[in-house]
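Please read it with the model open.

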Amino acid sequence: MTLIANALVSGLLLAGFYAAVSVGIAISFGMLDVVNIAHPAFIVLGSYLAYFASSWIGLDPIVTALVLSPAFFALGLVLYRLYHSSFERRGRERLRGLAFFFGILFVTEVALILAFGVDYRLVNTRYMDTTWRFGAFDLPLRLFVPFLVSLGMTLSLQAFLSRTFFGRAVLAVAQDELALQLMGVDPVRVKAIAFGISIATAGVAGALLIIIQPVQPSLGREYIGLVFAIPVLGGMGSIPGTLVGATILGVASSFTSTFFGPSWSPAVSFGLLLLALALRPEGLLGKAAR
Amino acid sequence: MSSPRFTALVTGIAALAIVATVAGVRNEYFFSAAYTVLQFVVLASAWNILGGFTGYVNFGSAAFFALGVYSSVFLHNLVQAPIALSIAAGTGVAALVGLGMGYLTLRLRGVFFAIATLAFAQVLLTFVVNWEYVGGARGAYIVLPHGPPPGFRSNGQVLFAIMAVMAAGSLALARWVQTSTMGRGLAAIRDDEVAAECSGVPTLRLKLVSTTLSGGLMGMAGATFPYFLLYVEPGGVFSLSYAVNSIAMPLIGGMHSWAGPLLGALLLGIAQQVLQVTVSADWNLFLVGALLVLFVTVAPEGIMGWTRRRGRAREAPP
């Protein structure tokens, strides 16, 4: 019983982190129709930057993430401009765009290996070894702090998208780009900024990742299944849907590693992704037609 | 050139080349390097049958390659199977899984299909890591039962000859697919699947043939790999570099013809071998990734498309 309760708690905590990892894909893939398969590579990049800030000047990973998020945002802007001028503007070459991001993923990973080797890197903060106990429940701060940061980030993104003028422009671009253009808005500019935001969330997620576990360059590809499974399960381009998808995957993978061993848990996210793609590509909360 | 004559010519050249190298080249390293390059010729041609001709991007090349590898390991552990049987089994298993992937295209197109293949590779990796009989995460050793057959000086030479035959076979198959009626049907699917279906192209049947051939050839390339390395482990077999290489090579060579993957595999494969010896193994992966990004951005039609366009411009000035 305690085992199940603890698996559930750590599943929910994990779900919070998963939301941070995949909310960027919900924006880029779900809303902007840009299949950024390199997203996990930027997450790992964020982890490395957090690692160096922590080991050189003792900065907390979360502080680093906030300080560096403008840089990640700028990186996203540049990347989107490049993607747009090379692929999107020429139309119909979406699959080449996919190969482009696949190449970026690979280049980033190899560059990290060349620069820093294949060793696992980890950070130490004061709260990482603390665990709060509530009766039968364990609440490790190593998971709880990322959970809170992620929830804060996801909810403020949702508020930003639904309340502000710019946020609504992003949602409009997801629905009908041409109509937006007719209203006198430049869809490319809107998409570039939204893509920048999605890469900025990858930087934050990277800082959370290195709090939770040690990181090495090729860790990113293990997260590809996860970052796509969650938005697909949650119904593409919906942030509340992303939270639902993250909860499903977090709980499922926590139960798998509790009862079958951690070596099986990657199969869960990728297996659920395959099932979701095959049976209900529009997602649990998605609309049927697209 | 007509297809039978072309096949005869290619077969002749390949046979001569194999005999001459096996008899003439003394350097054992040459055979190992040539094996690796030829393996990429098979993988790139196989990828291109689905990716270049049909327009379905497969990120799971490593999975099909691994199906061949682990079929061999399984048969080797089970009955010490001869290499010919392992190749047949590896090809068969990968082709069957390819057929299954073909049915997947009924539900998933474009980007979703590509992501599904990536997910499939990861699921398969998890199963192999947890399957102790084929070595699990620790990997598996292959002990060759006997020395090379008469006429060869080493097992490296035998494997080189086998891989050369497989490469020639893959090229001939890719060329046949491209020039047959089937190739036209596949090109129609690539350009517009719905329109092709409406014009009476049997899209499902063609896609099934395409995914089966592509998967089977990748499995075939993998089947001899355990005999080549004598030790395989999941991390190496499922390495992302197989997926990246088998996409980068056709893209760089040119995806609309059987010769593009050959050109790309030779260029990139040889460049990687040279870099691996002179610089380091990681830099050659960096080169592949960087070239992939560069070509897909700047010259999306590959080298073949680029030269053809220049040729056309010269013939018909605007």
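Q: What ipTM does the predictor give the complex?
A: This is a predicted model. The predictor gives the complex a pTM of 0.86, and the ipTM is 0.81.

Q: In which helix of chain B is confidence lowest?
A: Chain B has a mean pLDDT of 86, and 96% of its residues reach 70 or more. Confidence in the chain is highest in helix 9 (residues 203-223) of chain B, at 94. It is lowest, at a mean of 69, in helix 15 (residues 302-315) of chain B.

Q: Which element gives the largest share of the side of chain B that touches chain A?
A: The contact joins 35 residues of chain B to 33 residues of chain A. On the chain B side, two or more residues come from each of helix 5 (110-129), helix 12 (240-253) and helix 14 (281-298) of chain B. By class, that side has 26 nonpolar, seven polar and two charged residues. The largest share, 13 residues, comes from helix 5 of chain B.

Q: How many of the 20 residues of helix 5 of chain B are buried?
A: Helix 5 of chain B reaches 30 Å from its first C-alpha to its last, close to the 28 Å expected at 1.5 Å a residue. The helix is largely enclosed by the rest of the structure, because the number of its residues that are buried is 16 of the 20.

Q: At what angle do helix 2 and helix 13 of chain B pack?
A: Helix 2 (residues 28-51) of chain B passes helix 13 (residues 259-278) of chain B in a right-handed crossing. Among the residues that make the contact are B:Phe40 and B:Val41 of helix 2 of chain B, and B:Leu266 and B:Ile270 of helix 13 of chain B. The residues of this contact divide into 10 nonpolar, seven polar and no charged. The axes are 8 Å apart, and the angle is about 145 degrees.

Q: Is B:Asn58 buried or exposed?
A: B:Asn58 lies in the loop between helix 2 and helix 3 (61-79) of chain B. Leaving out residues up to four places away in sequence, B:Asn58 touches B:Trp47, B:Leu50, B:Gly51, B:Thr117 and B:Ser214. B:Asn58 has 29 C-beta neighbours inside 10 Å, and the cut-off is 20 or more. B:Asn58 therefore counts as buried.

Q: What separates the C-alpha atoms of B:Asn58 and B:Asn155?
A: B:Asn58 and B:Asn155 are 97 residues apart along the chain.

Definitions and conventions. Residues numbered from 1 in each chain as written. Chains lettered and ligands numbered in written order. Predicted model: local features only at pLDDT ≥ 70, side-chain atom pairs only at ≥ 80, totals over all residues. Contact = placed C-beta atoms within 7 Å. Helix = DSSP H or I, 4+ residues; strand = E, 2+ residues; numbered from the N terminus. Nonpolar A, V, L, I, M, F, W, Y, C, P; charged D, E, K, R; others polar. Axes fitted to C-alpha atoms, helices over the stretch in contact; angles between N-to-C directions. Left-handed = near helix turned anticlockwise from the far one by under 90°. Expected span 1.5 Å × (residues − 1). Buried ≥ 20, exposed ≤ 12 C-beta atoms within 10 Å, placed from the backbone. pLDDT = per-residue confidence, 0-100.
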